[in-house]
Amino acid sequence: MQVSPSRTPRASGAYVGGAVLIVIGLVALFSNLTGIEKAGDAIPLGIGLAFMVAYAMTRSYGFLVPGAILTGVGSGILAASLAGANDNGVYVGIAGGLGFLLIYAIDILVSRVTQRWWPVIPGAAMLVITGETASRSGGLIGDIGLWSPLLLVVIGVWILIARGRSAKG
């Protein structure tokens, strides 16, 4: 009789909810005790990183998706806050788009399969739309926005090459 091993609570990611609550509580407490208002802007990034740690421990795609999206969006919120931006939409849009692309990149690196390419579509859309908006502003953010469509071309070529290799092998 063959007995299948049961997943331990740690391997199943059962602790993710508690870890997320701890991250939120610690960041909020730090913000309250220090008076540093920008610390609260790190909460979405912290939650995203907690999900990314859960993904690293379990390799469950269900943790990768919210982890990468929240890490991207949270990075944009924190970057806009630290830059003192009046409107954080450009920062959040670019970082959120990169978060979607991060799902695809990590999934390929870990699984070595290019079949789950859906995150490229919302990621590309966010980058193009936000890039268009950002290109109208000056400075580094404007330069990033101006050249953001080139990233889509590179990703598209890479997907076609990867698909061609997987079809041959």
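Begin by selecting Ile161, which is partly exposed because its relative accessible area is 43% (buried means under 20%, exposed over 50% and partly exposed in between, with a 1.4 Å probe and protein chains only). This is a predicted model, in which local features need pLDDT of at least 70 and side-chain atom pairs count only at pLDDT 80 or more, while totals for chains, interfaces and linings use all residues. Residues are numbered from 1 along each chain as its sequence is written, and side-chain values use heavy atoms, with hydrogens and water left out.

Ile161 is found in helix α7, residues 139-168 (helices are DSSP runs of H or I with at least four residues, numbered from the N terminus).

Phe51 and Phe63 form a tilted pair, at 6.2 Å centre to centre and with 40° between the planes. Phe51 lies in helix α3 and Phe63 in helix α4 (residues 61-83), so the pair ties together parts that are 12 residues apart in sequence. Both Phe51 and Phe63 are buried.

Then move to Phe100 and Trp118, whose ring centres are 6.4 Å apart with planes at 80°, so this pair is edge-to-face. Phe100 counts as buried at 14% relative accessibility, whereas Trp118 is partly exposed at 37%.

Finally, select Arg59, which takes a positive phi of about 60° just after α3.

Methods: Helix = DSSP H or I, 4+ residues; strand = E, 2+ residues; numbered from the N terminus. Phe/Tyr/Trp six-rings, centres within 6.5 Å; stacked < 30°, edge-to-face > 60°.
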